[in-house]
Amino acid sequence: MAKRKMIALRALQLSYHPLLAHITEGDHFQLTNQAQLSSLSNLEIQSLIEQMTLSVVPHPNKPTQYYLLSPAADFFFIQQPPHSSTLQVQLLIYPFEDAESIIKTLSFIEPSLHHGLQTKALHNLSKRHQLAKLYMKSVPSKRKLAVIANTSASAIRH
């Protein structure tokens, strides 16, 4: 059974589980740029980090360190700004012997499910943007969304 724990980013000592590091060494990520990060407000960064839960196991020899059980490119990107160190992130701490099973689920099953549900992410974002203008006082511009998505504003269309 996993336990939940909140921990300050400044105190978090985190690395990929060795098995996860081996199976993700061929992963490709689009390089991020400073414009993507600087377009996010402190409140947006805080909200994004508050929504994250990192699946981990305790390091077998170092009680203050954790092994991450799933790729977390979004976390490592979002936690870069200096003010992020004052924020807390939620950990879901599994027993060490459950690591392989959790890695299998989070590295294969979850991305497969996510891909099947999000095949038209930019299309959905465009539709949400259009409808939000009707119901919300303030909506991020398509330009800002495009910078964060590292694409052009014209790609966000339906």
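Me: Which strand does Ile7 lie in?
Reply: A quick heads-up: this is a predicted model, where local features need pLDDT of at least 70, side-chain atom pairs count only at pLDDT 80 or more, and totals for chains, interfaces and linings use all residues. Residues are numbered from 1 along each chain as its sequence is written, and side-chain values use heavy atoms, leaving out hydrogens and water. Strands are DSSP runs of E with at least two residues, and helices are runs of H or I with at least four, numbered from the N terminus. Residues 3–8 form the run that holds Ile7, and that's strand 1.

Me: Is Ile7 buried or exposed?
Reply: Buried means under 20% relative accessible area, exposed means over 50%, and partly exposed is in between (1.4 Å probe, protein chains only). Ile7 comes out at 10%, so it counts as buried.

Me: How far apart in space are Ile7 and Val89, C-alpha to C-alpha?
Reply: Along the sequence, 82 residues separate Ile7 and Val89. Still, Val89 is among the residues in contact with Ile7, where contact means heavy atoms within 4.5 Å. From C-alpha to C-alpha, the two are 5.6 Å apart.

Me: Is Ile109 buried or exposed?
Reply: Ile109 sits in helix 5. Its relative accessible area is 54%, so Ile109 is exposed.

Conventions: Lists of a residue's contacts leave out its neighbours within four places in sequence.
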